[in-house]
Amino acid sequence: MRDYTKQKAMAGPRPVVLSGPSGAGKSTLLKRLMKEYEGVFGFSVSHTTRDPRPGEENGKDYHYVSREVMQEGIANGEFIENAEFSGNMYGTSKASVEDVQAKNLICILDIDMQGVKNIKKTDLNPIYVSIQPPSMDILEKRLRDRQTESDESLQKRLDAARTDMELSKEPGLFDVVIINDDLEEAYGKLKDVLIDEITKVQEANKS
Ligand SMILES: Nc1ncnc2c1ncn2[C@@H]1O[C@H](COP(=O)(O)OP(=O)(O)OP(=O)(O)O)[C@@H](O)[C@H]1O
Ligand SMILES: Nc1nc2c(ncn2[C@@H]2O[C@H](COP(=O)(O)O)[C@@H](O)[C@H]2O)c(=O)[nH]1
């Protein structure tokens, strides 16, 4: 298996890292992108120890595993990066990225700030995009309205969001920071950032 910490990423479209606070709108934007550009993007399916939400599918949204299985995988060097977020473990396996890259698709990683910092130490060379909410109040409302969190996990996510919003201002950390206020506008900005890579894959698909 390729070692991303030592080897150059294989030629092909550049992966995309989407990061930003929980509830900022990353999944909403990436699902839209994958629907509009079918056959262009592939989602890197992360592993997590959190429980599936209603409607989520094992192997599609996440690989849902126990803490023991996850720790074993990490110890065996199966993960490019991993992090503890809001009381659960999350991680990007080498296989999840390789599966997408083998199909010559743009690999999308939806990861938190710790993941961004760890991916920066590798040779994956993605385009780094931060999706930010317009304000903490709006973020809290979106997370509450989503009805996926307990009071405890909501508070943990809001605490992590404050840190994320501060860190995302670090110059050079992200190629672009998009404020997801109006969804249409945010989606338009995301497409603008990715259009060169999208076009490359579309051209390659024609030949
Ligand atoms: N621009 C927007 N205006 C209003 N509501 C939005 C907007 N973007 C996303 N939402 C809503 O906010 C909620 C959070 O969005 P989403 O689940 O995409 O966030 P996320 O960043 O993927 O969160 P997590 O990291 O927890 O998975 C969802 O209910 C979504 O429908
Ligand atoms: N470092 C990583 N962060 C990840 C990964 N997969 C998801 N995430 C981030 O976790 C939070 C919470 O996600 P949720 O689905 O429980 O709401 C969010 O910020 C994701 O971006 C991963 O593999 N590595």
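Author: A residue is buried if 20 or more other C-beta atoms lie within 10 Å of its own, exposed if 12 or fewer, and partly exposed in between, with C-beta atoms placed from the backbone. This is a predicted model, where local features need pLDDT of at least 70, side-chain atom pairs count only at pLDDT 80 or more, and totals for chains, interfaces and linings use all residues. Residues are numbered from 1 along each chain as its sequence is written, while chains are lettered from A and ligands numbered from 1 in the order in which they are written.

Reader: OK, so what makes β7 count as mostly covered?

Author: Of its 5 residues, 5 are buried. I106, I108 and D110 point one way from the strand, C107 and L109 point the other way, and all are buried. (Strands are DSSP runs of E, at least two residues; helices are runs of H or I, at least four, and both are numbered from the N terminus.)

Reader: How do you know that β7 has partners, and which strands are they?

Author: Two strands pair if DSSP finds at least two bridges between them. β1 and β7 are joined by 3 bridges and run parallel, and β2 also pairs with β7 in the parallel sense over 3 bridges, so both pass the cut-off of at least two.

Reader: What makes a set of residues a nonpolar core, and who sits in the largest one?

Author: The members are buried Ala, Val, Leu, Ile, Met, Phe, Trp, Tyr and Cys residues joined through C-beta atoms within 7 Å. The largest such core here has 37 residues, and V17, I108 and V129 touch the most other members. Strand β7 (residues 106-110) gives the most to this core, with 4 residues.

Reader: Which residues does I108 meet, beyond its sequence neighbours?

Author: Contact is C-beta to C-beta within 7 Å, again placed from the backbone. Skipping neighbours within four places in sequence, I108 contacts V16, L18, L30, F41, F43 and S44.

Reader: Why is G12 called partly exposed?

Author: G12 has 18 C-beta neighbours inside 10 Å, so it lands in the partly exposed class. It belongs to the segment before β1. Apart from neighbours within four places in sequence, G12 is in contact with Q101 and N104. The C-alpha atoms of G12 and A102 are 9.2 Å apart, though 90 residues separate them along the chain.

Reader: What does the UniProt record place on this chain?

Author: An unreviewed UniProt entry puts "domain: Guanylate kinase-like" at residues 13-195; such annotations may be inferred rather than shown by experiment. That stretch is 42% helix and 22% strand, and its end C-alpha atoms are 12 Å apart.

Technical notes:
Two residues are in contact if their C-beta atoms, placed from the backbone, lie within 7 Å.
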